[in-house]
Amino acid sequence: MKIKEYLHKYYNKYFDKLIVNNHEITKVTDFSKDVSKNTCFVNLKDSTDDKYINEAIKLGAKTIITSLNFNKEVKEKINIIKVESPKVELARLLKCLYFNKYHKMPITIGVSGTCGKTTVTSLLYETLKNLNKDVLLIGSSGVKSFYGLKETSFITSNTTPSITKIYKYLMMNEMNYDYFVLEVSSQGICESRVLGLEFDYSLITNFNKEHLEYHKTYENYLNSKGRLLLNTKNATVLFKDMEEFDYFYKLSDIKKLTYGYNNANVTIKVLNSTLDETIFLIKYEGNEYLIKTKLISKYNILNITAVFSMLVTIDIPINDIIYVLNKLSQVEGRMNVFEKNGVKIIVDYAHSTLATKEVLEYLNNVKKERIICVFGVGGNRDKEKRSSLGCLVCEYSDIVIFTEDNSRDENVNDIINDLTKDVKKKNFIIETNRKNAIELALNASYKGDIVVILGKGNENKIIGKEVREFSDLKYIMEYVNKYE
């Protein structure tokens, strides 16, 4: 695709006088260090510093798109195009370039919600992989690619990466995937990281008042989630029992399938739930389907049912769906259960009020002896919820050890003071070092107890004034396997 071809598509001949080099576009990027010959570089920085533009030119960019005035004289034939919104141009350029070249996108499924996004997207990936579909997953658990019966994976920094990176990952196998599953965060939507992507299907797991430190208001947060549905072409799957169900249901005219415990298209009947196994029925169109799984908790029952609902929606045969759902394994860092010396040890990512309450309520229903909880919250996040979270974990646990999470720019002791200031039930101790806190919990446990470590799941770093390597999941796996 020539640069004039793109510009004429959206601007007719408006920019023709600025085109001094009608070059073939071989790459589009917003990262100056990634520029190579004949690249179109889109400068997203709003700083007046020209260093990124200069670097892009030096590395071979032939077109610069920016919202800034760049008047520096350039010896080479470089197109300097000033536009109102570089983010829009970036999204359009990427789409034009890759669609011109490959003419197709895989069936694209976007999953959003306050809780459950990572588990649902991971389970969707696993089920499609087990059906031998070529599938790409991008989300909190990183990038996973199953293509030509070969699997690769690597970690990414954001739940929803930039649109440039999304296309880069799709291009690993030249867009030849059958399915593309994307975990869509509200922050990713607000920051235009999915701008230009069209979703064939979407799924909303639930909605709760969280992340207000970023969105500022409940309405902003709600509307950010709603934008996913407005950009969905074929159908959406919605959790019927969430408080804001009517908002999402009425938001668009696309086909909808609902799931939940009552009055939904897909309903659930729990037969048996323990720390070792969950057995439940999924009811759909007058038929009942038995699920036996090692995934535990009310949340995972809902997550599995969400996956069932999406697979039905994309026309996977029911018998195949039930077969793969009964083969599901645990998602790393999400309700992972271990056992040592008669003590059940659980590692989970829960850190929001809703998720924390759900986990601890479930454990109270299945416990034999005590619940010992290791808990902390992140710095630079919604401070107003800390006190209620501290009270919550103390109410639902026999012993709580408050510790560090990702304190970021805050002092760990200040965060823990916020957690404990209103706690009436004095059943907690404080150990700011997370590794030591987990050791304390394990050493204090007896046969029949449950030790639950919440907040970080399979994260492998503790982010404070300094970044330290540490993984709850890895530490517990090593502990369980020690001396065995």
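Biologist: What should I know about the model before I start?

Modeller: It is predicted, so local features need pLDDT of at least 70, side-chain atom pairs count only at pLDDT 80 or more, and totals for chains, interfaces and linings use all residues. Residues are numbered from 1 along each chain as its sequence is written, and side-chain values use heavy atoms, with hydrogens and water left out.

Biologist: What is a salt bridge?

Modeller: A side-chain nitrogen of Lys or Arg lies within 4 Å of a carboxyl oxygen of Asp or Glu. A search of the whole structure finds 23.

Biologist: Which residue pairs with Glu-55?

Modeller: Lys-33, with the closest N and O atoms 3.1 Å apart. Glu-55 sits in helix H2 (residues 51–59) and Lys-33 in the loop between strands S1 (27–29) and S2 (39–42), so the bridge ties together parts 22 residues apart in sequence. Helices (H or I, at least four residues) and strands (E, at least two) are DSSP runs, numbered from the N terminus.

Biologist: Is Lys-33 buried or exposed?

Modeller: Exposed, at 57% relative accessibility. Buried means under 20% relative accessible area, exposed over 50%, partly exposed in between (1.4 Å probe, protein chains only). Glu-55, at 23%, is partly exposed.

Biologist: Where do Arg-434 and Asp-472 lie?

Modeller: Arg-434 is in helix H15 (residues 434–444) and Asp-472 in helix H16 (residues 472–481), so their bridge ties together parts 38 residues apart in sequence. Their closest N and O atoms are 2.8 Å apart. Both residues are buried.
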